Amino acid sequence: MSDNRTPLGFTPNEMMTIAASRALKNDDVCFVGIGAPSAACNVARLTHAPDITLIYESGTIGTAPDVLPLSIGDGELCETAVTTVAVPEMFRYWLQGGRISIGFLGAAQLDKFGNINTTVIGDYFHPKTRLPGGGGAPEIATSSQQVYITMAQSKRGMVEKIDFFTSFGHGEGGDHRKRLGIDTAGPTLLITDLAVWKPDPVSKEFTVVSLHPGVTRQQVQETCGWVVKFAEVLDETPAPSELELKTLRDLQARTKAAHEGTGKGKAA
Amino acid sequence: MVKFLPLKQAVAENLNNGDSVAFEGFTHLIPTAAAHEAIRQGFRDLTLIRMTPDLIYDQMIGMGMAKKIVFSYVGNPGVGLLRRARDAIENGFPRPIEVEEHSHAGMANAYEAGAAGLPCAVFRGYRGAGLAEVNPNIRSVTCPFTGEVLAAVPSIRPDVSFIHAQKADRKGNVLVEGIIGIQKEAVLAAKRAVVTVEEVVDTFDDLHPNLTVLPRWTIAAISVVPGGSHPSYAHGYYARDNAAYLEWDEIAADREKFQAWMKANVIEKGADDFAARVEHLRKAA
């Protein structure tokens, strides 16, 4: 694969999406968050996991979009789904009922125990920035059997202390989930543009287990707001294969063409 | 019994100052035309309820119509933030606004409880979530059989709900299909429901028996407004106008630009203008 955008032939974001896609299995039932998770889930479906069940919170179950949806309720999600259910049914039967193996979330702010904030920057009642809020995430985080998180690293995004607990990860670490009566595993995987992280089995603090090709420990630390722990044996993430890169780039090109082609200058 | 009315009259007869009102639609079939008519009629002190307040609530909040907003995701779907809603929450502009925030699961359960005639909804939710600490309407109950502590929220029972749907038959029964979201629950939970539709057909005799049909006696008024959910989409009729959502981000970022846009595209326009807005999106549907 020749590519002149980076010396490695792929960008950090491409590596992140592809590494995230590899974590998904053919028999997973995945509740898909919009943005980075959506790209990863569809690359998985288009490569090694053709029978994966992708579910979006609009009620579309077993969807197979040709382009990435701009919103969680795009028409193509419904047209390609096995079935489309009402939103209360989505949350009651399918999520709360324990049918979801992987909840795949993005994050505006994340701490080392996998707690996520997408609600406010600053104080809740006097916010510096009002973000969109949790949507489906608070219950995705506690009712899915496991949670995967993907986000690009930055000191603003990966912080020692989040401003608001939108979605509960491992709380203060250890057995905090269990103490709150949450019996699902919570965040078991974090994939960034630089590394793959897994929670320490006891403390539940996210620990780097694999660096992406060409990435140094120092780079991971410099883009993270807490003191990073590294596994004793540190792997290197396998570089994207030609098929993975082509699949992702084709998907993004189709998506760009589709979303630009819907008209301009009309009243909303 | 349901009445077929021009949208102006349907809104005037069913919405009042101070009402709690839901304009529902989960990304699909958003009742934009009805919301714009409410804006033109200048209602005040509304409690706006919606899982995903998007452009239409940004517009109503920006016009100073809302005293309170009840929601679970206050974003521009697929684009980012809602800048008029932010201005109200962060700066009290054009007026301070009360916020009652839930998760989607909380809102969906609360609508369902409203439709079911229950005072509250019970579900497994909000565990470890910060919302439970800032919203006094998020409480808990203990299961009398197992002892499990579950979340409880009050049911949602709007004074009036507005939805957009694909079609009505001549009797006034309404079909909703595709991503059906929370529309059925919003109608059945409300004291009054107003539906805008793409078209009216003679009968529903050839429909699949399990489709979502709202019987005519659950609805107060129906208005025929082709294109009435633009810039969202109507499954089988026209596609989502993604460009309009992207443009809204710029329009809503500036108070004056917002006012100028509202004057030109809402205040000085009417329900009949919607059909032309979706013309270029019909082939793509």
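A residue is called buried if 20 or more other C-beta atoms lie within 10 Å of its own, exposed if 12 or fewer do, and partly exposed in between, with the C-beta atoms placed from the backbone. The model is predicted, so local features need pLDDT of at least 70 and side-chain atom pairs count only at pLDDT 80 or more, while totals for chains, interfaces and linings use all residues. Residues are numbered from 1 along each chain as its sequence is written, and chains are lettered from A and ligands numbered from 1 in the order in which they are written.

Helices (H or I, at least four residues) and strands (E, at least two) are DSSP runs numbered from the N terminus, and chain B has 10 helices and 15 strands. Its radius of gyration, taken over C-alpha atoms, is 19 Å, close to the 19 Å from the globule rule (2.2 Å times the number of residues to the power 0.38), so chain B is as compact as a globular protein of its 285 residues. Further values for chain B are set out below.

| Property of chain B | Value |
|---|---|
| Span of the C-alpha trace along its principal axes | about 55 × 50 × 35 Å |
| Buried share of the 285 residues | 57% |
| Share of contacts with a separation of 6 or more that join residues 24 or more positions apart | 76% |

Two residues are in contact if their C-beta atoms, placed from the backbone, lie within 7 Å.

In helix α1 of chain B (residues 7-14), the buried residues are B:Leu7, B:Ala10, B:Val11 and B:Asn14. They lie on the same side of α1(B), because they cover an arc of only 95° around the axis, the arc being that of the directions from the helix axis to the C-beta atoms. These buried residues pack against α2 (32-41), β11 (160-169), β13 (192-201) and β15 (221-224) of chain B. Just after α2(B), B:Gly42 takes a positive phi of about 70°.

B:Lys67 lies in strand β4 (residues 66-71) of chain B, and it counts as partly exposed because it has 15 C-beta neighbours inside 10 Å. Leaving aside residues up to four places away in sequence, B:Lys67 touches B:Asp45, B:Leu46, B:Thr47, B:Ile97 and B:Glu98. B:Thr47 is 20 residues from B:Lys67 in sequence, with a C-alpha to C-alpha distance of 5.9 Å.
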